[in-house]
Amino acid sequence: MIVLLTGDDEYAIQEQLNQYKAEIDAQWLTLCYHRFPAVQLDKALSVARTRSLTGGKKLVIVENCHLKQWGDTELETLQQLVQVPNSTILVFVANNVDKRLKVYKHLVKYGKLFEFSLIPPWRYDLIEQAIVSLAAKLYTNTTDNAVTAKKIKLLLSEEAVAYLAQAIGNDMTRAASELRKLDIYAQGRKLELAEVQELVPCQTQNSLQLAAAMREGKSHQVLQLLDDLLSRSQPLMVIVSTLLTQFRTWLWVKSAMVSGVKKDSELAQLCNISNPHRIYYLRQEVANTSINALAQAVTMILDVEMSIKRGADGRDLLVVILGVCRLFQVV
């Protein structure tokens, strides 16, 4: 079996890989479980073409395959896919792929494509559903064989689930970690909001405070909040994702207001905001804000998001955040 896993939901991709790994007899993992970087494609194909010595299944994973790094030589190597036996599970993992590439078309010709996309950070309803689903299927003390692991029996109040969606956002890797921690603490009890708030810090809230400080042009506060986030090893993409969501929401609301939309219900529907009561506060937040400044801010944050995906560090983020902040400072 040949598989291409792609998307930005790293947790979902890892869970899929764990399922494939669980199909391998645990006592033969050393012989039947192999991982290769994309630069070792030829070696990975050589291992994949060889039948397992145990007579069972073999798992071969080729990681970080954005496919653009592969040219005619690698395309020639991939002609060997027809020689991969059915007993081998050959998996190519890529964060994103260009579907116009010859290499991509060749892979999907012989294999199955599975795409895993993160839930949009503003879809708290979907994040809540994902957290409930995750709590229902998670295992603690995970071993190579999930069947022997202890299944979580975590009970959470609706308020606690709503808080977790706000506190964690769409980071399902962190969600799984926090849910396991809560399960150990709960010992079978149902957890209420206050207990969950004590155990799970709301890191996205600080990012929202950062966005508000930027919109208000408060450079000093912006520097303090960003320093606090980075000192707690908050991932750059989580910070940028929250900022982008918030500024995009402000831009949508301001655009709707400028266009003459007056009813909160209509504005909420146009701006994709699930809670109409939030519109009152959003109106106040953008009342004295320039629509041009908001549009420039969204563009700048989108640019830094792409830069970070290519390997930029916190210094690039700092420059852009201060640049956005200056857009809203009164001259």
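Figure 1. Rolling a probe the size of a water molecule over the atoms shows where empty space is left. Because this is a predicted model, local features need pLDDT of at least 70 and side-chain atom pairs count only at pLDDT 80 or more, while totals for chains, interfaces and linings use all residues. Residues are numbered from 1 along each chain as its sequence is written, and side-chain values use heavy atoms, with hydrogens and water left out.

**Figure 2. Who lines the largest cavity.** Met214, Val240, Leu243, Ile301, Val304, Leu317, Val320, Ile321 and Val324 make up the lining (lining residues have an atom within 4 Å of a point). By class that's 9 nonpolar, no polar and no charged residues, with Ala, Val, Leu, Ile, Met, Phe, Trp, Tyr, Cys and Pro counted as nonpolar, Asp, Glu, Lys and Arg as charged, and the others, Gly among them, as polar. Helices are DSSP runs (H or I, at least four residues), numbered from the N terminus.

**Figure 3. Leu243 and Met214, two of the lining residues.** Leu243 lies in helix H12 and counts as buried because its relative accessibility is 1% (buried means under 20% relative accessible area, 1.4 Å probe, protein chains only). Leaving aside neighbours within four places in sequence, Leu243 is in contact with Ser207, Leu210, Ala211, Met214, Ile301 and Ile321, contact meaning heavy atoms within 4.5 Å. On the same terms, the partners of Met214 include Val222, Leu243, Phe247 and Phe328.

**Figure 4. The largest nonpolar core, 39 residues.** Such a core is a set of buried Ala, Val, Leu, Ile, Met, Phe, Trp, Tyr and Cys residues joined through side-chain atoms within 4.5 Å. Among those with the most contacts inside it are Leu210, Met214, Leu243 and Phe247. H12 hands over the largest share of this core, 10 residues.

**Figure 5. Gln246, also in helix H12.** Gln246 is buried, at 8% relative accessible area. Not counting residues up to four places away in sequence, Gln246 touches Leu208, Ala211, Arg278, Leu282 and Glu285.

Key. On a 1 Å grid over the protein atoms alone, a cavity is a set of points where a 1.4 Å probe fits but cannot get out, and a pocket is an open set with protein on both sides within 12 Å along at least five of seven lines; lining residues have an atom within 4 Å of a point. Helices (H or I, at least four residues) and strands (E, at least two) are DSSP runs, numbered from the N terminus. Buried means under 20% relative accessible area, exposed over 50%, partly exposed in between (1.4 Å probe, protein chains only).
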